[in-house]
Amino acid sequence: MPESTTHFVMKKDHWKAQHKWLGLILSFFLLMFCLSGLVLNHPSLFAGINVSRSLLPPRYHYSNWNGGLLRGSVSWHGKVLVYGNNGIWVTDRTARTFTGFNRGLPAGADGQLIRGMAVTADGRLFAASQYKLYVYDSRKGWTETALQTDGERISDLAVQGRDSIIITGRSHLFVARAPYRHFAVITLEKGTDDDGRVSLFTTLWQLHSGSLFGLAGKLIVDAIAVILIILIVTGLLFWFLPKVHCHGPARARSLRLHNKLGRTTIVLTLFISISGWMLRPPGLIAIASGRVPPVPFSTLASRNAWYDQLRALRYDPACADYILSTSRGFYTLRTLHSRPVPVAGQPPVSVMGINVLHDGGNGQWTVGSFSGLYHWDRKGGKVTDIFNDRPGKSMIPVSDHAVTGLCTDFRGGDVVVDYYRGTTRFPMPAFMATLPMSLRLVALEIHTGRIYPFGFSGMLYIFLVGIAIVWCLWSGYKRSKG
């Protein structure tokens with residue numbers, strides 16, 4: 001055999017061995033990426049499906065109100081209502097007993113994820129879930145209001161004055177006055193610091209899911225997931241079907257389909273793998289602060305300068321202005337039709353979003369997120385870390401105090417809730433430990449690798465498995481091409 005031919009055969013065998021063993025090892029994880037990605041891409045289709053936490057690893061069981069179970073509280077008719085990821089519960093100021101207060105809310109855990117609650121001056125009680133605004137009726141329980149967001153997610157709910165409510169969506173504001181039968185939709189003006197660019201991270205994130213181009217883009221990404229599933233199945237069939245005569249044709253067909261589909265879609269499968277890999281460290285570090293022009297004809301090329309960037313809005317009577325929390329930081333505006341102005345010396349907020357924005361009166365605010373809890377003296381222009389009484393300058397995404405909630409309606413002072421540790425100010429009822437988790441959230445835990453028990457889950461999981469998947473795809477392409 002000529003030397004060049006021998007070299008070619010050895011090189012092909014080299015790619016074949018790499019592709020085989022990487023494929024066999026990674027097939028389960030790649031299949032989980034595909035299936036969980038399909039769920040995450042179409043949350044409304046799976047909104048009614050719950051998964052019992054008793055079926056999940058113990059770290060997913062609630063303990064001491066952690067994990068977002070307790071986000072906040074409101075006082076109403078002499079009672080205290082607390083809310084969070086699994087609905088609303090009624091108690092009193094001593095927090096001795098808790099009773100479900102979810103009548104009228106959807107049965108799915110996703111529909112019971114409450115973003116905020118508010119009480120108007122005349123005693124009307126409102127609750128905002130991710131997509132709906134509800135008002136409480138003593139006879140019917142929670143009933144939907146006339147709010148129509150056209151699928152836009154709700155971020156926050158607040159009451160201004162005696163009877164106005166302001167819903168902060170991810171891109172718009174929705175404002176109504178009693179009797180709340182009509183909501184005015186407000187698109188905020190561009191900020192005074194607007195540069196016409198968008199976040200590189202957001203661009204890549206929406207490219208990875210396909211949402212950058214709406215439903216059509218999502219369907220294309222769904223198709224890539226299906227292609228990867230077919231590649232997994234045909235690859236496994238080829239290696240595990242016996243090499244006997246009766247199985248020979250099926251084995252050969254699996255290999256032909258696997259090779260042809262893999263070659264013709266290599267650009268798409270590599271794109272989906274590399275873009276997902278870049279959304280976690282260390283790739284994330286390179287793109288986190290980048291800003292780029294919006295992709296033409298995409299959702300980010302919107303006339304709305306605040307598309308998918310709004311997080312919370314509050315009116316500050318002491319300073320006679322609004323505080324607007326966004327993914328780009330805090331802004332102020334005199335009216336809802338003024339141009340937002342960036343705030344100098346603002347408190348740190350995690351990239352994962354704001355969880356607490358509480359008015360303490362006289363221009364004193366409490367701001368909480370996974371970056372900690374801070375006292376913001378707006379009149380004095382001073383920010384202080386509540387836990388160590390030092391100036392609040394940290395911008396790390398997750399601090400030692402990952403704050404998810406604040407309750408101000410119980411005896412004994414404010415209750416701060418940590419995502420991991422919760423709070424021990426009052427006991428959590430035992431039955432809450434295994435409250436259901438939405439299929440969407442389970443899919444998110446699978447997609448990010450946090451659900452797996454091995455030590456490199458999370459950040460290193462995406463880093464290591466992502467590289468391995470890219471190499472598996474490339475080695476398969478080289479093998480089939482040769």
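Biologist: How many cavities of 30 Å³ or more does a search of the whole structure find?
Modeller: Two cavities of that size turn up when the whole structure is searched. Keep in mind that this is a predicted model.

Biologist: How does one look for empty space in the first place?
Modeller: A probe the size of a water molecule is rolled over the atoms, and that shows where empty space is left.

Biologist: OK. What volume does the largest cavity have?
Modeller: The largest cavity holds about 460 Å³ of space.

Biologist: And which residues lie nearest its centre?
Modeller: His-19, Leu-231, Gly-235, His-258 and Cys-472 lie nearest the centre of the largest cavity, out of 31 residues that line it.

Biologist: Which elements give two or more residues to that lining?
Modeller: Helix H1 (3–41), helix H3 (214–240), helix H4 (248–264), H5 and helix H8 (459–481) each give two or more residues to the lining of the largest cavity.

Biologist: How do those lining residues divide into nonpolar, polar and charged?
Modeller: In the lining of the largest cavity, 15 residues are nonpolar, 12 are polar and four are charged.

Biologist: What about the second largest cavity, what is its volume?
Modeller: About 40 Å³ for the second largest cavity. Its lining includes Arg-53, Asn-85, Asn-86, Asp-110 and Met-437. By class, the lining of the second largest cavity has five nonpolar, three polar and two charged residues.

Biologist: Pockets next. How much space lies in the second largest pocket?
Modeller: The second largest pocket has about 780 Å³ of space. Of the 32 residues lining this pocket, Met-117, Arg-314, Leu-357, His-358 and Asp-359 lie nearest its centre.

Biologist: Which elements each supply at least two residues of the lining there?
Modeller: For the second largest pocket, they are E2, strand E6 (114–119), strand E10 (154–160), strand E16 (310–316) and E20. The lining of that pocket is made up of 15 nonpolar, 10 polar and seven charged residues.

Biologist: Where are Pro-179 and Pro-282?
Modeller: Pro-179 is in the loop between strand E12 (173–177) and strand E13 (184–186). Pro-282 is in the loop between helix H5 (266–277) and helix H6 (283–287).

Biologist: And which residues other than glycine have a positive phi?
Modeller: His-77 is one of them, with phi near 50°. Asn-362 is also one, with a positive phi of about 60°.

Biologist: What loops are those two in?
Modeller: His-77 belongs to the loop between strand E2 (72–76) and strand E3 (79–84). Asn-362 belongs to the loop between strand E20 (354–359) and strand E21 (364–369).

Biologist: Buried or exposed, these two?
Modeller: His-77 counts as exposed because its relative accessibility is 61%, and the cut-off for exposed is over 50%. Asn-362 is exposed as well, with a relative accessible area of 53%.

Biologist: Last topic, Thr-423. Where is Thr-423, and is Thr-423 buried or exposed?
Modeller: Thr-423 is in the loop between strand E25 (415–418) and strand E26 (437–438). At 6% relative accessibility, Thr-423 counts as buried.

Biologist: How far apart are Thr-423 and Ser-63 in space?
Modeller: Their C-alpha atoms are 8.9 Å apart, while Thr-423 and Ser-63 are 360 residues apart in sequence.

Biologist: And what about Phe-370 and Ile-224?
Modeller: Phe-370 and Ile-224 are 146 residues apart along the chain, and 34 Å separates their C-alpha atoms. Phe-370 is in the loop between E21 and strand E22 (372–377), and Phe-370 is buried at a relative accessible area of 11%.

Definitions and conventions:
Residues are numbered from 1 along each chain as its sequence is written. This is a predicted model: local features need pLDDT of at least 70, side-chain atom pairs count only at pLDDT 80 or more; totals for chains, interfaces and linings use all residues. Side-chain values use heavy atoms; hydrogens and water are left out. Helices (H or I, at least four residues) and strands (E, at least two) are DSSP runs, numbered from the N terminus. Buried means under 20% relative accessible area, exposed over 50%, partly exposed in between (1.4 Å probe, protein chains only). On a 1 Å grid over the protein atoms alone, a cavity is a set of points where a 1.4 Å probe fits but cannot get out, and a pocket is an open set with protein on both sides within 12 Å along at least five of seven lines; lining residues have an atom within 4 Å of a point. Grid points are joined across faces, edges and corners, and a volume is the space filled by probe spheres set on the points. Ala, Val, Leu, Ile, Met, Phe, Trp, Tyr, Cys and Pro count as nonpolar, Asp, Glu, Lys and Arg as charged, and the others, Gly among them, as polar.
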